[in-house]
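Dear colleague,

Please find the structure below for your records. My findings follow after it.

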Amino acid sequence: MNELIFFLNKVIISGATLGSVYALGAVGVTLIFGILRFAHFAHGDMMTLGAFISFMLVGLFQAMGIQTPLPTGFIVLPFAMAITAGLALGIDKGFYEPLRAKGVKTVTLLIASIGVTLMMQGLIRLFAGTATRSFFENETKDLFRFKLPIEGVKRSINISEPQILVIVTTVVAVIVLHYFLTRTRLGKGMRAMADNPSLAQVSGINTAAVVRATWIIAGSLAAMAGTMLALDVILKPDLAFNIVLPIFAAAVVGGLGHSYGAIAGGFLIGFAETMAVFNWAVLLRPFKAGLPEWFPTDLSLVPTEYKLTVAFIILVVVLLFRPQGIFKGASS
Amino acid sequence: MIRRDAILFAGLGVLILALGMWLKVPTTIQLLVTALAYALIALGLNVQWGYAGLFNFGVMGFLMVGGAATTFISYPLNDAFWTSAGPFMLLKALIAAIFGGLLIWGVTRIPKKGNLSKLRGFLLVLAWGVAYVTYRSQIDPAAKLIETEAGFVGGLGLHAAFGWIVGGLAAGGVAYVIGKVCLGLRTDYLAIATIGVSEIIRALIKNMDWLTRGTLTVSPVPWPTPLPADVVASGMTDTYMATIVSRSIFLALTVLFIAVIFFFLQRAYEGPWGRMMRAIRDNHVAAGAIGKNVTKRELEIFVLGAILMGIGGAILTTYVQILDPSGYQPINHTFIVWVMIIVGGAGNNYGALFGGVFIYIVWTISEPASLVLFSLISDMSESAGIGAIPEIESRALQMRVFVLGMVITFALRFAPQGMIPERVRSEG
């Protein structure tokens, strides 16, 4: 039983947390790909930007003396999301829209998004420096321990406050997104445009509004993912730069352009990462007496330092065998 | 070359001379060596992207392979490794890898139709699993033994210029495998795949301590030409002059490499082979329809470009004399090369050469330039009573990345063809 709880802590809870962050990022990437047809590499830095905006708002709130039972970083999230969405719109207006208006190939937009990544990264470091920061300098990070009322169980299920928040928020965001895409006029327009842009335009869908909506959703979800990641781990300038590739992996696994696929892909990558580095021999410990002498004590699939590599391997394998994603046909 | 290009190159020459006045001479030579190595890498990417339209975002991976290979070739022999049980255990690991490879190959031979076809997918996964476990069971103890007894495998102690060539060939070999599996993908998908592969290569080189010493770094990697200390030993007493002489010889060797490569690239580009590649790039369906083997040609050019990148990476590693896997970042080693060929002009070798040197200079001087600018603003804000800018030095360093991003976004918007654009000579 102790071993199972260890598994729960190490694989399920941290996998779900990581998966939530990936899913939130991947939805943005996949929406942009579906509507504007290019891989938006600046998404990782949009997440970092959102996290830094939250951090500044937290400073502002604390300076005003606002005390809340939840972490302040979570309370300021709606404001940070709004600001980041506005910035995302500004970036589109300033950098991508002129290129689209010139009718360039979509690969040029990809290269432009790398230029935007570099500029954002430079600016963030210019103003924030390279130091790491924590959202919990003036607050405590609550850790909940759940003891199971079973005889002989020493370990407790550990889950921290940010972890609960990130999972709950992701679930809420996914439900809201689902209703937006299926019940509202704009959401339906987005799906139509992702399916067939010319047809969408001739049937009277306001494509400019759809593009704006895409950036607003992508920007606010990026801010949410970035802040959540910073709450769970730590805030640093290259926070999301390392995570943008697993996010692409999640989006590709779910099929670029499919929002529901991206959510599934995010959790899949998150769990795959934690499961690959988990030492499965731990689960066999209760049966140790029955195992032969030569049985290895370390049964993890890959060493811990290759944790991120797991995502890339999944990415490459999926691209090679099912570039359309694993849910082709199943998603809307 | 037309007059506009000549003026641009002359301008670049003036810029370098001006830098020589401003910086010290050895620093300028150092800048030139690195800039030329990047120009060679840019030529490699130009071959892949400019000639054939392959969207390779894994430049960093090839640079690392080139750097690691040249280190392995030119670093002195490590006797502690060769006298230990390490070589034998590595041989066993190699045999295990070959066994695994054969197993996987054997399963892929199963026909897609017939009795076993339903089991094929399952057997393939099983074969991969068995091969992986077999290989891990051999390599893990070998790696552990080498790391504890010998540190790492050391090198072969051969000449460094030979190491450069091997670096290129190793990168080409890796590119062959990557190209074989990835080149079926196009545009964004190929970009994402190659970026993923380059991250895998980075993780491997960073963590295979037995082969590359990983984060512990390998140094000093020998030079192919005399080091400053050697020049001093041969009788030159002035160390400043000795540094200049030594670096100039290194620079001369680099220039020689690039000149030879450039000559052949240009010949190939103007010949039928170059026309065929442009045809494949512009319309691969049509090129396939008139009988060109698109897959094979693209693989060929992917490998060729990677060889150039490998040589460039080898030169970079050799020059700084240290193999530091943690020092490789996508910004400094992949994206900057893309900026070089976009600004220089994709599809034109002169453009790649120009862009390589020019962007590297911009990248280098944007730090001191922003330092000057920030100090100015800081003085102004201080006199205005707002206070000085804190930590000017570390902030100025970050401006390099910003300037790089700004240059590429402006180039895409206002000069998408680059400074020296591609010129297709039309017959008649």
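This is a predicted model: local features need pLDDT of at least 70, side-chain atom pairs count only at pLDDT 80 or more; totals for chains, interfaces and linings use all residues.

Residues are numbered from 1 along each chain as its sequence is written, and chains are lettered from A in the order in which they are written.

Chain B contains 17 helices and zero strands (DSSP runs of H or I, at least four residues, and of E, at least two, numbered from the N terminus). Its C-alpha trace spans about 80 × 65 × 50 Å along the principal axes. Of the 428 residues in chain B, 43% are buried (20 or more other C-beta atoms within 10 Å of the residue's own, with C-beta atoms placed from the backbone).

At the interface, 37 residues of chain A are in contact with 35 residues of chain B (C-beta atoms, placed from the backbone, within 7 Å). The largest share of the chain A side, 16 residues, comes from α5(A).

The largest nonpolar core has 210 residues (buried Ala, Val, Leu, Ile, Met, Phe, Trp, Tyr and Cys joined through C-beta atoms within 7 Å). Helix α2 (residues 25–51) of chain B gives the largest share of this core, 16 residues. A:Leu315, among the residues with the most contacts inside the core, touches A:Phe248, A:Ala249, A:Val252, B:Ile192 and B:Gly196, leaving aside neighbours within four places in sequence.

With kind regards

Conventions
A residue is buried if 20 or more other C-beta atoms lie within 10 Å of its own, exposed if 12 or fewer, and partly exposed in between; C-beta atoms are placed from the backbone. Two residues are in contact if their C-beta atoms, placed from the backbone, lie within 7 Å.
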